Amino acid sequence: MGSATTQALVETTAALDRAAGVDLTVAGELFAAARALGDSPQLAGALADSAASEAARAKVVADVFGKSLSAASVTLITTAVSQRWSSPADLVDAIEELAVRAAARSAAGADVEGEIFQFSRTVAANPELELALGSRLGDASAKGDLVRSLIGGRASAATTLIVSSLVQQPRERRIRQLLTRAMDLVAHQRGRAVATVVSAVPLSAAQSDRLASALSKRYGTEVALNPVVDPSVVGGVRVQIADDVIDASVSSRIADLRQRLAG
């Protein structure tokens, strides 16, 4: 990610936080806009071209999206295209990110991070499902329908929208990578982090509370836990937050001891 994109993301996220009327409809419209840009490299390139004036780029947004999207969505997209981006692909990713954040904002009472995590576990456990969702040859709308049939009614509307939208245009990204990114964005939008905690047996409520409290103190933010039971860790826990891994599992200690004994 280039420095221009990093700053642009700060500005677009701030614009979303300030915006009024952001709901699930707006989130869906932003996902649709991201798909439209992803399907048209020419349009994405024109809107990410910093050599063109902001007014010219805003006019393109109005011409393309003004009649089909709400005023709130058009305003957010206009703000996005007014920024400097390191590449057109970064602009597409940014609008998709706005869509995920908008969906998270519209579902304050739902455990969106946990629901996305559970679906990612389902995908990981089902290679055929992962292949169907990740195939370049599959029909995009059919992938969205498949997700809705699997989790519709069992997950929040926000989660269903996020997952069914992301699988329709993976853009060379693996499905589980998309889901992990979405989970982290939802958590960030809510001012917290997500930790995947792997243990040999389920943690008790007291153990989960203590671990969440310790992690929150370490990272300076609220931390939500996504538990995974894996008997191969033998004992202890392995915790991953973003790119950080804290491995206090017995299996890790055994592997380390074997390596030392092997010289």
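Modeller: Happy to! In helix α5, which spans residues 71–81, the buried residues are Ser-73, Val-74, Leu-76, Ile-77, Ala-80 and Val-81. Here buried means under 20% relative accessible area, exposed over 50% and partly exposed in between, with a 1.4 Å probe and protein chains only. Helices are DSSP runs (H or I, at least four residues), numbered from the N terminus. An α-helix has 3.6 residues a turn, so residues three or four places apart point the same way.

What does this side meet? The buried residues of α5 pack against α1 (3–18), α2 (24–39), α3 (41–47), α4 (54–65) and α6 (88–106), where contact means heavy atoms within 4.5 Å.

A word on the source: this is a predicted model, where local features need pLDDT of at least 70 and side-chain atom pairs count only at pLDDT 80 or more, while totals for chains, interfaces and linings use all residues. Residues are numbered from 1 along each chain as its sequence is written, and side-chain values use heavy atoms, leaving out hydrogens and water.

Finally, take Gln-189, in helix α11 (residues 175–189). Gln-189 is buried, with a relative accessible area of 18%. Not counting residues up to four places away in sequence, Gln-189 touches Leu-16, Asp-17, Arg-101 and Ala-104.

Note on methods. Helices (H or I, at least four residues) and strands (E, at least two) are DSSP runs, numbered from the N terminus.
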